[in-house]
Every structure is written in C-alpha cells, then in structure tokens.
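Please have the coordinates open while you read, and look at the places below in turn.

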Amino acid sequence: MSEAVRNYQGMRFSRAHRRRKTTRRIVYALMGLVLGVLFWAYWNTRDTHNMASLIPGEQSYAVYVPDLLSRRDTITASPLWDLLPADSPYTGWRQSLADNLGLPEWVLNNFIYGLCHVSGRDVDQFSDVLLVTRMTSVGTLLEKLHGFSDLVRADHAGGLNIRVVPDFGIYYAVRGRVLVVSPNRETVIRALTLTDETAVTEERLADAERSLQGELLLGRFRLAEDNTFGQYIDGAEVRVWLDKSDARAVLRVRPHPVWRETLEGLVGAPEAKSLRVPPPGPVQISADFGVPVPELWAIWGEKGGIPDPWESATTFLEGQNPAYVAQNRALLDALRNSAGSRWQLTWADINMDAILPVPEFLLAFDTPGGNVAGIFPGLPAAPPAGDPWAVVPRYDAAHDLVSIPLMAGPAFAPTVGAYGEGLLLSNSETAAARALGIPADEGAVSEKGNLYARAVPRTTFEMCMRALEELAEYGLLKNQTPASLENAAAPYRNLANKIADVRLVAGMEDQAVRVDLRLTMTPAAETAPTEEAQSAQQ
Amino acid sequence: MFPRRFVRMLTPTLLIVVGLLVVAPAHAFEAGAAKVELTPPIGTPLNGYGDRLARGSVARHDPLWARCLYLNDEETAVFLVNTDLCMINPALRDRVLELAPPEVPKENIFLTATHTHSGPGAMEENLFVRFVSGRFMPDVLEQTARSIAQSMREALAAKRRAAIGYDTGKQLVLSANRRVDKGPIDEQIGVIRVDDADGNPIAILANFAAHPTSVPDSDQYSFSADYVGFYYDELETLAGGGCIALFMNGAEGNQTINDPEGRSGWERTESVGKLLAARVKGIANDIDCGEVKLRVGYAEPSLPPTMATRIQPAQVVLQTLEINELLMCFWPGEPIVELGLELRRQALAMGYAKQFSVGLSNNYLMYFVNREYFGQPWYEAKVNFFGPGISDWFYTEFTRLMSKNTTDPTPAPPATVAPVEVPGGFELKLSGNAYARGFQRGAAFAADVAEQYSQRVEAPVKSAELLPTAGAWSLLPDWIDASPLALPTLAIAARTRLEKVSLDTLREIEGMAAATGLPFDGLWILQNTRAMEVAENRGDFFAFPLCTVVTALDDRVAESGMLVGRVFDWPREETPVYIEHRPDTGHVFCEIGFTWNAGIFSGMNDAGLVVCVESTDQSTAGIGPGDAPIEVHLRAVLQESATVEDAVTRLRALDAVHGDVVLVAGPMKKGFGAQLVTANGIREPDSGLFTRKPAGDGTIDRDARARYERVAAALGEEGIVTTQTLESVLTTPSGPDGGAGIWNSDSRHAVIFVPARGEVRFTFRKDDGSPGPFVVRRLKELRDSE
C-alpha cells in the first residue's frame with residue numbers, strides 16, 4: 001500500500017481549465033459570429049450607391065419630397081384632407097399616413113430617410129412611377145430580413161434580384177442604402193440598369209435639393225409634344241408648401257413656343273407688375289398685361305371671339321335712341337381712350353331685390369389717357385326734357401358719378417365714377433355708389449404678377465345660393481325644390497365653409513408663366529356646425 | 001193749476017219719450033274719417049305698366065293718399081280704406097293688418113286700391129310680378145303700410161256720433177268701354193254720405209268704375225292719383241267742413257274715363273275728376289242720413305285651379321259689407337263691367353236696394369271676365385287666369401256672403417256616368433247641358449285626361465320641347481325650368497283660339513276641366529297640342545296622321561241614301577271612345593275620338609249630318625292666333641245643324657278651316673249629299689264615290705293619293721257599295737305589302753255612318769294594331785225613344 005498523497009487538484013484544474021477553454025471557444029465563436037454578422041451587416045448596408053445613379057435622366061416628371069416622414073404630422077394635420085368628399089378613396093391615406101402605413105414608427109423611419117424622389121415618363125396614366133429614396137443602415141438591414149416575411153417574394157429578374165410585394169402590386173430593389181420602388185417591374189429593372197449616361201447626374205439632384213426652400217415637395221415636368229398637354233406646355237415646375245391652416249403651390253410653366261406665341265398674342269409679353277388691390281367683394285380679379293384695356297379687349301375679340309364690351313355697349317346704346325348717340329358715344333370714347341393697362345374686376349354681390357337676381361360687378365381701371373372724371377361735371381345732370389328715362393349719361397353731383405339708366409332701376413344702370421387714380425365702372429348704380437363710398441385701396445397685391453384673383457368661397461357660395469334659392473322658390477330650377485336644393489347644396493356649402501380664402505397670382509417671368517396659388521383654410525372653430533344646424537340636419 | 005197742467009203734460013211727454021226709447025234703434029252710430037299721404041320717395045318704381053320697364057318715378061304730380069272711413073254701429077266696426085295704389089298685394093295687406101288698430105277685427109278691414117297706374121310699385125316680392133311692379137323695396141312696403149295704418153288710427157281717433165246714408169246716381173259721359181265702341185259701361189255712381197250728429201260732413205265715398213290711366217305720357221314717371229286726385233280735391237272743396245273724400249273703383253276691368261268736355265292730357269283728367277266730384281256731391285246732397293245696421297261678410301274660399309300657380313294664390317279673401325239695404329261686394333282684382341252689372345242684377349233680384357262692386361280689394365288676382373269675353377283677343381281676357389267660369393264662381397261666392405241669401409248657391413255637380421267597355425275602347429252616353437256632358441266625360445276619363453295633360457303639356461313645356469326655339473325663351477339655360485312662366489304664357493296664347501268657339505263647346509270643356517281637376521286653360525292647351533306640336537316641327541310629333549274619308553252616294557248606294565266611311569289615323573296611342581251627346585237643346589250627336597280630346601274628328605247627329613276631319617300634311621297651315629282647332633268647332637255644328645248646307649255655311653262663317661279638310665255629309669235640302677270644306681273653298685261630288693282626291697288633282701300628297709286610289713280600286717268604278725264592302729275596305733291593311741285597304745299602323749278607329757238610318761258602325765284598334773269587331777249604334781232610335 002502506498003502512502004503517497006494523491007493529489008486530485010490537477011484533475012479538478014484540468015476540468016475547470018477545459019471548461020474555461022470551451023467557454024472561451026464559444027465566446028470566440030460568438031464573437032466571430034457577431035463580428036461576422038456585423039461585417040455582413042456592414043457589408044450589406046454599405047452606402048455603395050448614390051440615388052442619382054438609380055434615377056433615369058430622361059423622365060417626364062420628377063417630384064422631390066424632402067424629409068417626408070418628419071412632415072407627416074403637418075401633412076396629416078392639413079385641413080386640405082377635409083376638402084375631399086367623404087366617400088373619396090383618398091381619405092384613407094390620411095389615416096394610413098398617421099398610422100405609419102401600418103408599420104412601427106422606428107421601422108418606417110429607417111425605411112424612408114431624407115429625400116424621396118418620384119419620377120416617371122408616363123404623364124397620362126402614371127403607370128411607370130418610380131420612387132427612389134434612401135434608407136438608414138438599419139432599414140437596409142431590416143429589408144434583408146424580407147425572407148422571414150410572407151409578404152415579400154424574390155424575383156430573379158435576370159440576376160438583378162428584385163423583390164415583389166404581390167399584395168400591394170409593387171416591385172422594389174435595394175442597392176446600397178437606396179430603395180427603388182415602382183408598381184412597374186420594367187421600371188425597377190430599368191432603374192437598376194442605368195449607366196452614367198442614362199442616369200440623372202448627381203449635380204442635378206443636388207441642385208434640386210439645394211433649391212428646396214422648406215417646400216413639402218418640388219415637382220418638375222417636361223412634356224413631349226405628343227402628350228395631351230405637350231402642345232401647350234414644354235415643362236413645368238411646381239412647389240408646394242403646406243401647414244396646418246394654409247396650402248400654397250407655386251407653379252412655373254414654360255409654354256410651348258407655339259402656345260407662347262398665342263398667349264403673347266392674347267396678353268402681350270408683359271413683365272410682372274405691381275397689381276392694384278381690387279374693390280372689395282367676394283370674388284376679385286386684378287390684372288395688368290401691359291396693354292391698355294380697350295386694346296386687350298379688341299385683341300380678345302379678334303383672336304378669341306370674345307365680344308368687345310365697348311363695341312357691344314356702343315352698339316346697344318346707339319340702338320336705343322338715335323338722338324342720344326352722340327352723347328353716349330362721347331362718354332364711351334372718353335372712357336375707352338383713357339383706359340390704361342391696369343384693371344380690377346370684382347363680383348361684389350347679387351342684388352336680390354331687383355326685378356330678378358342681378359350680379360353686381362365693379363370694374364376699376366387706371367386712366368393714364370386723361371382725366372376722364374374731369375368731364376363728368378360737364379355732362380347734363382338732368383335727362384332731356386320729356387324723356388326722364390332717356391338712355392343717356394347723366395351726372396349725379398351728390399355722388400360725383402355718371403350713370404346711364406337702362407331699365408328697372410339702379411340695378412340696371414351702368415355707372416362710372418372717379419376711383420383712386422382711375423375710374424370705377426359698374427353695371428349697377430347701387431353697387432357703384434356703395435363702392436365709391438369707400439376710399440379705393442391704393443395698395444398693391446403683395447406679389448408682383450400680371451393677374452391676381454381672389455375668392456372667398458363661403459361668401460361667394462352663399463351669394464349664389466341666395467339667387468338659386470329664389471329661383472327654386474318660384475319653381476324655376478329644373479328638378480329642384482327649395483328643400484332638395486338645400487340638400488344638394490349641403491356638401492358644397494360644407495366645402496366652401498372650410499376654405500376661408502383662395503388667392504392666385506400669375507405672371508410672366510423669363511418667358512414662363514408663374515402661378516402662385518394660396519389656399520387659406522377656415523379655423524376649425526368657425527366651421528364646426530352649430531347645435532341648431534346639427535339638430536336641423538337631423 | 002200748475003200741478004194739474006203739469007201732470008197732464010207730463011203723461012204724454014213721458015209716453016213719447018218712452019215710445020221713442022222703444023222705437024228708436026239702440027245703436028249709437030259712430031264714424032270718423034282721415035287721410036294720410038303715402039307718396040313714397042321719388043325714385044320708387046311705379047306700378048301698372050309693363051312698358052315702363054320697372055323704372056323709377058321722377059316726380060310727384062299730386063299726392064297719393066290712404067283714406068280711411070271708420071264706421072261703427074256698436075255691434076260692427078269697420079275700416080273702409082281706399083289707397084291711391086295700383087293694387088293691394090298680399091304682403092302689403094298682411095303688414096297693414098299687423099299694424100292696424102285692434103279696435104276693428106281684421107275681417108272687417110276693407111283694403112282697396114283706386115288702381116291708379118301712377119302709384120308706387122316696389123312692394124311685391126314675387127319674382128314674376130316684379131317685372132311690372134319694379135324692384136322690391138322693403139322700406140317702401142313698410143312705409144306704405146304704416147301710412148295706411150296711420151289713416152286708420154286717425155279715423156278712429158276722429159270718431160263721433162254720426163249718421164250715414166247712401167244712394168246711386170247715373171252718369172253717361174264720364175266713363176267708356178275701352179274695348180268695344182259704345183260697349184257696356186256702368187252708368188251707376190254709388191255714393192255713401194256720412195255726417196256727424198250736427199249734420200257736418202265727415203266723409204263722402206264714391207263708387208265709380210273707370211281705369212285711372214289718364215295721366216299723359218309726358219308724366220308717365222310722376223306719382224299721381226290720376227282723375228281720382230282731382231275728384232278728391234274738388235269734392236272736399238264742394239263739401240267743405242273737413243269732409244274726407246273717398247273713392248272706391250268699381251267693376252272697371254274694361255272701363256276707362258271718357259273725355260266729356262273734349263279735352264286731352266291733364267285737362268281731361270281734371271275734367272273727369274271734377275265732373276265726377278260734382279255729380280257725387282249732387283247725389284250726396286239728396287241723401288238722408290240716419291243710423292244703420294252694418295253687416296260684414298268674410299270668406300277665404302279656394303280659387304278654381306289655375307295655370308299661374310306661382311303668381312296666383314290658392315285662396316283669396318272675399319268680403320261684403322251690408323249697410324242696411326246696400327250691398328257692397330269687394331272683388332280681389334279687376335272684374336269687367338259685365339260681371340259687375342250681373343252681380344248687381346242678382347243682388348237687386350234678391351232684395352237689396354242698392355249694390356256696389358268694389359274692385360282691387362284686398363288682393364290682386366288680375367282680371368275677371370265672363371265666358372263671352374274669355375276667348376276674345378283682349379287684354380282683360382288674356383290676364384284672366386281662372387278660366388271662363390270665374391264669373392260664376394264669384395257670383396256663387398258673393399251670394400254665399402249675402403245675408404238675404406237663404407239657400408246654398410253652390411251648383412250641384414252633374415251626375416256622372418260610367419263608361420262601358422266595347423271591343424278596343426269605351427262607350428259613353430252623355431246627357432244634359434254642355435257643362436254636364438263635359439263633366440260626365442271628364443269624370444269618366446279623369447285619370448287618362450290628367451295623364452295626357454301631364455305628358456303632352458306639362459312634360460314638354462318643362463323640358464323646353466314645347467317652348468319657342470327663338471327669342472328670349474331660347475336663351476334660357478338648360479337648368480332653368482321655364483314652366484312656371486311658360487305655362488301661363490301658353491295659356492294666354494292658346495286662349496285666343498277660343499274666339500270663335502261656341503259657348504256650348506266652351507261649357508263642355510269647362511265641365512271636363514272641372515271633373516278632371518285641371519285648370520280650364522290646361523285642358524284647352526291640351527286640345528291645341530295637335531297643332532302646336534306639328535307647328536313647332538318637333539321629334540315624333542312630326543309624324544302627322546293621314547286619314548281617309550270616303551262617301552258613297554247616289555247610284556253607288558242602295559236604299560240607305562248614302563254611306564260615309566272613314567279611317568282615322570293618329571300617331572299616338574290613345575284610349576278610344578264612342579260618346580253619345582244628348583244635349584238639352586239641339587241635336588243628339590255622337591263622336592268617335594279619345595278620352596281627352598273635346599273635338600269631333602268623326603261624328604254624326606240624329607238628323608244624319610256627318611262631319612269628319614281629314615288631317616293633312618298642311619293641317620296647321622294658316623292657323624292664326626285666333627283659330628281654335630277645327631275639330632272643336634264641329635261640336636256646335638253637329639248640335640245645331642240639320643243639313644249639309646247649314647253646316648257648311650256655319651263652317652265658312654267661322655273661317656276656321658285652314659290646312660285640314662272637313663267632310664260634311666248627310667241630308668241636304670233635297671236628298672243626301674256631301675261637301676268637302678277646305679281652306680280654298682267647297683268641293684262637291686263629281687261621281688257617286690266621293691273622296692278627297694278629285695279626278696286629275698295633282699296637289700294631293702303622294703301617300704293620300706295612293707290610299708284613295710286603293711279605295712277606288714277596291715270599291716270599283718261601278719256597283720253598289722254596302723256597309724259590308726266598306727267595312728272590308730276600311731279594315732283591310734294598307735299596301736304595298738299589307739293589302740289593298742287603308743287600315744295602317746296609325747289607324748285608331750274606322751267608322752261607317754249611314755245617315756238615313758242614323759246608324760253608326762265603328763271599330764277600334766286592338767292591342768295588336770288590327771281593327772276590332774264593328775259595334776253598331778243608332779242615333780235615330782235614341783231620339784225616337786225619347
């Protein structure tokens with residue numbers, strides 16, 4: 001028997017050692033795996049492609065939407081959505097956008113990052129819309145996991161390896177961190193096979209991005225001649241701004257040379273002018289085409305078949321009584337010859353107490369051709385003896401205006417009076433007297449242009465409704481009773497109530513037409529139906 | 001001594017006092033009068049003339065007034081208000097009644113207008129009326145109403161014990177009939193005199209019928225009360241003592257002022273006003289005033305149906321005022337003088353001592369005319385929107401309000417008869433007067449007539465199909481429904497076609513309208529759609545019927561004397577009817593036609609007189625605005641004529657045959673004969689087979705020629721034509737593929753008349769388009785059996 005001390009520690013050490021060794025191996029393996037995954041992730045999410053290389057250079061339209069996701073709140077909160085009819089298929093979009101298209105927000109934020117570029121060639125059907133945007137590396141990585149989803153299927157596409165989402169009818173591919181999406185397979189394939197020559201240049205894309213000034217989107221269109229609008233428009237650019245109460249779009253259209261020639265024939269080739277504020281009223285137009293108004297109307301008459309109102313008025317008045325031809329013609333000629341190029345037209349109201357509902361219009365214009373108002377006091381104050389309602393001008397010293405009574409009282413008495421630096425002409429003596437009683441706004445429309453238009457939809461709508469209701473009350477509206485008219489008008493009234501103001505400024509600018517359209521929405525508190533209205537509807 | 005004498009005196013004195021207290025009326029009669037100027041601001045449009053184009057006034061020639069007479073017999077208080085306005089419109093009346101003093105019940109307020117055509121408009125909201133009365137000015141309406149109410153308050157405030165009397169006088173030179181030279185006028189001037197207890201004049205009211213339309217052209221835009229203004233001034237001067245002159249116009253629809261002193265312009269106006277005042281004062285001077293009993297009659301009856309539903313109300317206020325034995329009837333518009341005279345005749349016959357008609361009261365329903373006037377091309381007839389029976393309606397409704405009336409004046413509706421079904425259609429036997437027969441027919445086919453009206457009048461007017469394609473109508477946008485204006489306009493246009501239509505026919509259509517619930521004008525337009533549709537050259541209406549009429553006589557018939565055969569073609573599906581008319585007077589007659597059409601296309605009377613209309617492709621040629629469709633005239637011909645000569649004479653006198661051809665056949669002064677009446681004259685038979693196609697006539701259209709040639713071929717050049725042969729020819733399908741007959745796809749009925757026997761053999765079209773079996777009726781047996 002041996003007294004030798006047996007030491008089992010070594011065995012114990014050896015077991016622990018082995019264990020440690022195994023652990024280390026596992027850790028190394030895991031580290032390697034992680035490193036491998038990280039490398040795989042890094043490798044596969046490298047930013048190897050720039051967006052430009054995947055965007056065809058010869059698209060008919062291109063829309064740039066910067067930071068789409070960061071503006072979701074602005075977009076979804078926009079009252080523009082309220083203008084859509086209740087049964088519009090687009091109303092669901094608002095909710096979808098608010099719900100992040102059904103994805104967790106962090107996922108969505110990683111899928112769409114920075115600029116969204118939408119483009120295509122087909123401007124009739126928009127069948128080849130191509131969306132190109134960037135993803136974050138996380139988004140790119142997430143996309144690589146598509147194999148775990150039943151929604152996405154692979155499409156070999158001749159080795160291009162694109163993906164298809166059958167349920168949504170879209171095709172997409174990811175190159176680097178750039179996502180290319182289209183409902184059209186060929187469009188995706190085409191985007192993936194662009195050469196430097198056929199892709200848009202990085203500079204062009206960068207220029208567009210640089211030109212963005214806080215817009216929601218920038219769109220550029222180029223139309224081929226065989227397109228429906230191509231014979232009128234070479235190209236156009238639109239910029240859209242949106243906030244919680246306003247929407248603004250600036251459209252810059254390059255007319256086709258042929259149409260530009262036609263357009264210039266109709267309105268000349270004016271530069272943007274400082275436009276006068278029109279007389280007050282719910283529908284206003286102010287214009288200055290650089291051509292005196294009578295010449296403009298003559299041109300329109302000749303080229304557009306629009307009757308020249310001066311000629312029509314002269315012919316009408318001459319037909320009334322030969323004895324008064326000279327007086328009428330003298331006044332009309334004086335007005336005509338004095339008129340400058342700046343004019344403003346206002347639809348002020350509808351006179352419901354006249355013998356039938358009569359719209360009241362106010363036309364103001366500059367008179368660089370002479371002080372016509374100066375001749376007014378020289379006109380007879382009283383009608384010719386024995387003919388109190390002679391259709392002939394008469395001067396009203398109390399109101400400093402001249403009117404020609406036609407029939408049925410002041411609603412049918414064309415009237416002219418001094419207004420600011422020019423004259424104001426109206427089809428109604430009442431409307432003219434009312435407008436002339438308010439000092440002319442000598443200010444200018446905030447933006448320069450050649451044409452300014454503004455409408456207050458709610459007032460305009462109610463004004464028209466009053467006339468329609470009157471016609472319906474007397475059975476003069478086909479297939480409408482007052483009640484049915486009220487029902488039929490309800491959706492439009494609702495719509496009109498939501499828009500506080502619509503303004504448009506259009507002008508010629510570098511041989512292009514620039515249109516600035518602003519929509520101001522009514523504050524929600526003002527459009528909320530009252531309890532009485534609600535109970536009445538019920 | 002003294003006490004005895006005193007007692008002796010006291011007893012009879014007491015007896016007299018007590019007797020007076022018992023005998024004298026218990027009424028403390030009070031009256032007051034006032035006038036308030038209501039001339040609106042210059043610039044306010046004037047009312048009355050459309051050709052002013054609703055322009056504003058430019059001057060005030062003389063003031064316009066609201067004048068009010070307050071009367072109270074302690075039981076009944078009334079305001080008699082006369083205003084220098086063209087009319088009292090509902091909005092003004094409503095507002096005045098709101099503002100009126102509460103002491104007088106609303107029903108006892110009599111609001112009248114003098115009808116000056118130089119008074120203000122601007123008080124009418126109705127879009128259709130504004131074309132004449134001018135733009136609506138709410139402030140003018142309000143101020144006018146306040147002035148009228150103020151006149152009431154002032155009259156009330158001026159009340160005092162009073163006595164009242166009335167009388168009438170005669171005038172022959174102050175007014176004239178404005179339509180007919182030396183036509184009827186109302187010679188009566190009615191006068192009411194009111195004095196206070198001291199015999200001082202409070203007011204004198206005149207009732208005289210003439211339009212205040214004498215303001216000269218030079219002052220057409222000046223406010224003026226017209227001749228009435230001069231009357232006021234003159235009478236108040238003559239009467240003195242603060243007397244208020246009142247004026248209530250009468251049945252002045254067709255009355256105007258004369259020029260008794262041969263003056264013109266304002267001088268004429270002044271002359272009539274002053275002469276009237278003098279005459280009124282003269283009559284008033286002879287009136288003994290006393291206390292009276294007042295009685296107000298008030299009703300709001302429903303008006304007869306009208307086409308002008310957007311202009312005219314469905315109900316109207318009617319009032320009468322009885323002052324002892326005087327009856328005043330207040331018309332809500334302008335009755336022509338004939339209506340006023342007839343109502344007076346009826347009132348006097350009922351026992352009233354005097355009767356005044358007051359026009360322009362409480363509302364303005366425009367003119368009221370009688371049947372004789374209704375079809376005349378005169379303005380008053382054109383703007384009467386309640387049919388030719390409106391005069392009867394007023395007589396009835398006023399009678400209902402008269403205290404002396406003890407019976408219900410509502411005429412009993414005629415008994416109705418049910419149609420009997422015959423193969424392919426209906427048979428109806430009518431009897432009684434023309435109205436009753438029309439009523440029976442309307443009641444029997446009310447639904448069908450209403451449907452025809454809806455389809456052939458209302459719908460095409462609404463869709464603008466029946467509107468003129470030129471002029472202002474054509475400028476209306478598609479979304480405008482012009483029918484509220486177009487239907488009354490069409491009614492006015494169609495009414496002129498009644499000018500030569502007999503009164504019996506008019507009454508018959510009235511009866512039909514009453515039974516169907518349609519306005520008379522609506523049914524009359526329906527009668528005229530045949531011409532209107534074709535004349536306007538529209539769509540499927542353009543397919544015009546070609547009828548065929550053949551007469552066999554002389555050697556071509558046997559003992560029956562003559563046979564008339566006809567096939568009636570008509571492009572639209574209709575419900576065919578055979579109707580026997582047994583009128584109260586004249587001949588029994590029958591017609592074969594449709595439910596809704598009151599004309600006679602094929603008919604015969606019990607004398608054997610046959611009339612048949614053959615429509616041609618020139619049927620509407622030469623039809624003027626005064627022409628009714630020829631078929632409408634034929635009712636009277638059948639009822640009143642027994643011989644061909646008489647019937648033809650009547651037709652020629654009417655000068656109503658234009659593009660159509662009318663066969664008149666039957667007994668002549670000697671034997672049987674036939675004549676074709678055309679626009680160019682009369683054609684008589686040149687052989688025993690008489691058709692529209694004369695030998696060698698190249699003018700007849702090709703289709704008709706072919707059909708007549710087939711008839712001639714089928715009946716042969718010789719031989720006896722029998723009813724059986726005719727039946728066969730008439731009902732054999734027409735060529736070229738169908739056969740040698742004349743029955744075609746448009747044929748609605750075929751008839752054979754045997755005048756000698758008063759026999760009618762007719763067949764209606766079956767659902768498959770072929771003729772049904774012949775039905776035989778005998779008119780002579782009918783007459784004999786009676």
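The points below cover the chain interface, a helix pair and the salt bridges.

1. A reminder before the details: this is a predicted model. Everything that follows should be read as computed from that model.

2. Let's begin with the interface. The size of an interface is often given as the accessible area lost when the parts come together. Here chain A and chain B bury about 2200 Å² between them, with 61% of that on carbon and sulfur atoms. On the chain B side, the residues losing the most area to chain A are Arg55(B), Leu127(B) and Arg135(B), which together account for 27% of what that side buries.

3. How many residues are in contact across this interface? On chain B there are 26, and they touch 24 residues of chain A.

4. The polar side of the interface is worth a look too. Between chain B and chain A, 13 residue pairs are in polar contact. The chain B side that touches chain A is made up of 13 nonpolar, five polar and eight charged residues. Two salt bridges cross the interface; a salt bridge also joins the side chains of Asp478(B) and Lys478(A), at 3.7 Å from N to O.

5. Next, please turn to the helix pair in chain B. Helix 16 (residues 630–640) and helix 17 (residues 644–654) of chain B have axes that come within 10 Å and cross at roughly 145°. Their crossing is right-handed. Helix 16 of chain B contributes Ile630(B), His633(B), Leu634(B), Val637(B) and Glu640(B), which meet Asp646(B), Ala647(B), Arg650(B), Leu651(B) and Leu654(B) of helix 17 of chain B. By class, the residues of this contact are six nonpolar, one polar and three charged.

6. Finally, the salt bridges over all chains number 68. One of them pairs Asp516(A) with Arg248(A), whose closest N and O atoms are 2.6 Å apart. Because Asp516(A) sits in strand 20 (residues 512–521) of chain A and Arg248(A) in strand 10 (residues 246–255) of chain A, the pair ties together parts 268 residues apart in sequence.

Note on methods
Residues numbered from 1 in each chain as written. Chains lettered and ligands numbered in written order. Predicted model: local features only at pLDDT ≥ 70, side-chain atom pairs only at ≥ 80, totals over all residues. Heavy atoms only, no water. Contact = heavy atoms within 4.5 Å. Buried area = accessible area lost by both parts, 1.4 Å probe. Salt bridge = Lys/Arg side-chain N within 4 Å of Asp/Glu carboxyl O. Polar contact = N/O pair within 3.5 Å; in protein donor to acceptor, adjacent residues only side chain to side chain. Nonpolar A, V, L, I, M, F, W, Y, C, P; charged D, E, K, R; others polar. Axes fitted to C-alpha atoms, helices over the stretch in contact; angles between N-to-C directions. Helix = DSSP H or I, 4+ residues; strand = E, 2+ residues; numbered from the N terminus. Left-handed = near helix turned anticlockwise from the far one by under 90°.
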